[in-house]
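Subject: Structure handover

Hello,

Here is the structure for your files. My notes follow below it.

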Amino acid sequence: RAFKLADASLVAPLLLITPPLVIITGFIVLGEVPAIGGIVGIFLTVFGLMTLLSPGGSFSLSAVRNYVASDRGVQLGLLGSFLFAFSFPYDKQTVLASSGIFATAMRMSSVGMLVLGLNAVLNRRFLHEVVPTVKQWRMPLLSVSAVSAVGDFLTTQALAYSLVAYAASMKRLWPLWTILLA
């Protein structure tokens, strides 16, 4: 919804706020503490985000606050970042207790069914439009789904080998690619 309401170049960088939050949630849920250098790197990334969100290229906290308060897409992007920061440490627990491929399959299937169910309930035309739309766009949908699944699996598998805050930081390279490709 955030990407629908605001430019991708504004919403995607908001995901960079997730790693600092994951430092906190990773400590609370998993007891993980990243190195000082890792923490400094994560906060430098957030400073870059604030610079991007500052109108006119000059950084000020009040300008960022006003901008966030005035744009619904940005607000929803921030909400998504907070929700991701809360759930990511639990993703690591799932990987450690099971496997990356199982966690990815369950997460993607659950989200897919939830989105389809909500659309079917909220939009009466959805059920009539979904089949023709999927037939028309089957190859792009398949391509995007495959790339997303592989990326999600690799990120999820990385949780088994590193601290959750570092894995969240690596996953946040996604905004860079979103901005470049959008």
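How many aromatic pairs does the count come to? The rule takes rings of Phe, Tyr and Trp (its six-membered ring) with centres within 6.5 Å; planes under 30 degrees apart are stacked, over 60 edge-to-face, and the rest tilted. The count comes to two aromatic pairs. One of them joins phenylalanine 84 and phenylalanine 88, and is tilted, at 4.7 Å centre to centre with 35 degrees between the planes.

Ground rules: this is a predicted model, where local features need pLDDT of at least 70 and side-chain atom pairs count only at pLDDT 80 or more, while totals for chains, interfaces and linings use all residues. Residues are numbered from 1 along each chain as its sequence is written, and side-chain values use heavy atoms, with hydrogens and water left out.

The helix behind the pair

Phenylalanine 84 and phenylalanine 88 are four residues apart in helix α6 (residues 72-97), so about one helical turn separates them. Helices here are DSSP runs (H or I, at least four residues), numbered from the N terminus. Both phenylalanines are buried, that is, under 20% relative accessible area with a 1.4 Å probe and protein chains only; exposed is over 50%, and partly exposed lies in between.

The length of α6 checks out. Its 26 residues should span 38 Å at 1.5 Å a residue, and its end C-alpha atoms are 38 Å apart. The expected span is 1.5 Å times one less than the number of residues. There is a bend of about 30 degrees at serine 87, with proline 89 following within four residues. That bend is the angle between axes fitted to the seven residues ending there and the seven starting there.

Leucine 76 also sits in α6. Its relative accessible area is 22%, so leucine 76 is partly exposed. Beyond four places in sequence, leucine 76 touches Arg1, Ala2 and Leu5 (contact: heavy atoms within 4.5 Å).

The core

Which residues touch the most other members of the largest nonpolar core? They are Val22, Phe88, Leu159, Val164 and Ala165, out of 13 residues. α3 (18-30), α6 and α10 (164-171) each supply at least two residues of this core. Such a core is a set of buried Ala, Val, Leu, Ile, Met, Phe, Trp, Tyr and Cys residues joined through side-chain atoms within 4.5 Å. Leaving aside neighbours within four places in sequence, the contacts of phenylalanine 88 include Val22, Leu159 and Val164.

Regards
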